Amino acid sequence: ENERTTLVTGERKRELAFINTSLFELARVIQGLTQRGEGHRPAWNRRGRQDLSLFRNSKLTLLLSSALSGNSRTSMIGTLSPAMVNAEGNLKTLMFVSAVKGIK
(Lines give C-alpha, C1' and ligand atoms only; values in the text may rest on other atoms or scores of the structure.)
Protein backbone atom coordinates (compact mmCIF):
# COMPACT_ATOMS: atom_id res chain seq x y z
CA GLU A 1 0.00 0.00 0.00
CA ASN A 2 1.25 3.46 -0.78
CA GLU A 3 2.07 5.49 2.32
CA ARG A 4 1.19 8.74 0.54
CA THR A 5 -2.33 7.73 -0.45
CA THR A 6 -3.38 5.74 2.60
CA LEU A 7 -5.58 7.19 5.30
CA VAL A 8 -4.01 5.26 8.19
CA THR A 9 -2.11 7.06 10.95
CA GLY A 10 -0.14 6.27 14.07
CA GLU A 11 0.79 2.66 14.79
CA ARG A 12 -0.81 1.37 11.57
CA LYS A 13 1.25 3.78 9.48
CA ARG A 14 4.43 2.65 11.26
CA GLU A 15 3.49 -0.98 10.56
CA LEU A 16 2.89 -0.09 6.91
CA ALA A 17 6.37 1.43 6.73
CA PHE A 18 7.91 -1.82 8.05
CA ILE A 19 5.94 -3.89 5.53
CA ASN A 20 7.01 -1.64 2.66
CA THR A 21 10.64 -1.83 3.80
CA SER A 22 10.47 -5.64 3.86
CA LEU A 23 8.93 -5.72 0.39
CA PHE A 24 11.63 -3.38 -0.90
CA GLU A 25 14.32 -5.68 0.51
CA LEU A 26 12.56 -8.71 -1.03
CA ALA A 27 12.61 -7.00 -4.43
CA ARG A 28 16.33 -6.23 -3.97
CA VAL A 29 17.04 -9.88 -3.08
CA ILE A 30 15.14 -11.14 -6.11
CA GLN A 31 17.05 -8.77 -8.35
CA GLY A 32 20.30 -10.04 -6.83
CA LEU A 33 19.28 -13.67 -7.31
CA THR A 34 18.44 -13.12 -10.97
CA GLN A 35 21.88 -11.56 -11.47
CA ARG A 36 23.48 -14.56 -9.74
CA GLY A 37 21.58 -16.81 -12.13
CA GLU A 38 23.25 -14.92 -14.98
CA GLY A 39 26.67 -15.81 -13.57
CA HIS A 40 27.44 -12.62 -11.63
CA ARG A 41 27.97 -14.16 -8.18
CA PRO A 42 27.32 -17.64 -6.74
CA ALA A 43 24.62 -18.18 -4.09
CA TRP A 44 27.04 -20.42 -2.18
CA ASN A 45 30.31 -19.36 -0.61
CA ARG A 46 33.66 -21.15 -0.85
CA ARG A 47 32.90 -23.37 2.16
CA GLY A 48 29.78 -24.75 0.48
CA ARG A 49 27.45 -22.77 2.73
CA GLN A 50 24.66 -20.52 1.57
CA ASP A 51 25.79 -16.92 1.13
CA LEU A 52 23.34 -14.94 3.29
CA SER A 53 24.71 -11.48 2.47
CA LEU A 54 21.70 -10.72 0.25
CA PHE A 55 19.18 -11.77 2.88
CA ARG A 56 20.41 -10.08 6.06
CA ASN A 57 18.63 -6.70 5.78
CA SER A 58 15.11 -7.95 6.55
CA LYS A 59 13.50 -10.65 8.68
CA LEU A 60 11.25 -11.52 5.76
CA THR A 61 14.13 -12.13 3.37
CA LEU A 62 16.09 -14.04 6.00
CA LEU A 63 13.09 -16.33 6.56
CA LEU A 64 12.73 -16.88 2.81
CA SER A 65 16.46 -17.37 2.15
CA SER A 66 16.41 -21.16 1.89
CA ALA A 67 13.25 -21.16 -0.24
CA LEU A 68 14.59 -18.55 -2.66
CA SER A 69 18.14 -19.79 -3.09
CA GLY A 70 17.95 -23.46 -2.21
CA ASN A 71 16.94 -26.50 -4.15
CA SER A 72 13.20 -25.97 -3.79
CA ARG A 73 10.12 -25.00 -5.73
CA THR A 74 8.69 -21.65 -4.74
CA SER A 75 5.49 -20.09 -6.03
CA MET A 76 4.62 -16.43 -5.97
CA ILE A 77 1.25 -14.94 -6.77
CA GLY A 78 0.89 -11.37 -7.94
CA THR A 79 -2.57 -9.80 -7.70
CA LEU A 80 -3.77 -6.99 -9.94
CA SER A 81 -6.63 -4.52 -9.67
CA PRO A 82 -8.96 -3.70 -12.57
CA ALA A 83 -9.28 -0.07 -11.42
CA MET A 84 -7.43 2.50 -13.53
CA VAL A 85 -6.29 4.30 -10.39
CA ASN A 86 -4.13 1.24 -9.61
CA ALA A 87 -2.44 1.06 -13.03
CA GLU A 88 0.97 2.10 -11.66
CA GLY A 89 0.78 -0.49 -8.88
CA ASN A 90 -0.25 -3.16 -11.39
CA LEU A 91 2.75 -2.34 -13.58
CA LYS A 92 5.12 -2.61 -10.60
CA THR A 93 3.54 -5.94 -9.62
CA LEU A 94 3.99 -7.31 -13.15
CA MET A 95 7.62 -6.17 -13.23
CA PHE A 96 8.25 -7.82 -9.85
CA VAL A 97 6.62 -11.10 -10.92
CA SER A 98 8.68 -11.02 -14.11
CA ALA A 99 11.86 -10.63 -12.06
CA VAL A 100 10.84 -13.55 -9.81
CA LYS A 101 10.35 -15.69 -12.89
CA GLY A 102 13.98 -15.03 -13.81
CA ILE A 103 15.42 -16.73 -10.70
CA LYS A 104 17.32 -19.87 -11.66
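Residue numbers start from 1 along each chain as its sequence is written, and side-chain values use heavy atoms, with hydrogens and water left out. Since the model is a prediction, local features need pLDDT of at least 70 and side-chain atom pairs count only at pLDDT 80 or more, while totals for chains, interfaces and linings use all residues.

The protein has 4 helices and 0 strands, running α-α-α-α from the N terminus on. Helices here are DSSP runs (H or I, at least four residues), as are strands (E, at least two), numbered from the N terminus. Of the 104 residues, 21% are buried; that label means under 20% relative accessible area, with exposed set at over 50% and partly exposed in between (1.4 Å probe, protein chains only). The accessible surface comes to about 8,300 Å², and carbon and sulfur atoms hold 56% of that; such areas come from the Shrake-Rupley method with a 1.4 Å probe, and for residues only the protein chains shown count as cover. As for contacts (heavy atoms within 4.5 Å), 42% of those between residues at least 6 apart in sequence join residues at least 24 apart.

On the inside, the largest nonpolar core is a set of 7 residues: Leu26, Val29, Ile30, Leu33, Leu54, Phe55 and Leu68. A core of this kind is a set of buried Ala, Val, Leu, Ile, Met, Phe, Trp, Tyr and Cys residues joined through side-chain atoms within 4.5 Å. Helix 1 gives the most to it, with 4 residues. Setting aside neighbours within four places in sequence, Leu33 is in contact with Leu54, Phe55, Leu68, Ser69 and Ile103.

Helix 1 (11-37) and helix 2 (59-63) each supply at least two of the patch residues. Ile19 sits in helix 1 and counts as partly exposed because its relative accessibility is 42%. Leu23, also in helix 1, is partly exposed at 44%. Ile19 and Leu60 are 41 residues apart in sequence, yet 9.3 Å apart in space, C-alpha to C-alpha.

The whole structure holds 3 salt bridges, each being a side-chain nitrogen of Lys or Arg within 4 Å of a carboxyl oxygen of Asp or Glu. One of them pairs Arg28 with Glu25, with the closest N and O atoms 2.8 Å apart. These two are about one helical turn from each other because they are 3 residues apart in helix 1. Glu25 is buried at 11% relative accessible area, whereas Arg28 is partly exposed at 26%. Beyond residues up to four places away in sequence, Glu25 touches Asn57, Ser58 and Thr61. Ser58, in the loop between helix 1 and helix 2, is itself buried at 8%.

Another bridge links Glu11 to Arg14, with closest N and O atoms 3.4 Å apart; Glu11 is exposed at 55% and Arg14 partly exposed at 48%. In helix 4 (residues 87-101), Glu88 and Lys92 lie 4 residues apart, about one turn of the helix, and their bridge has closest N and O atoms at 3.4 Å. Glu88 is exposed at 55%, and Lys92 is exposed at 52%.
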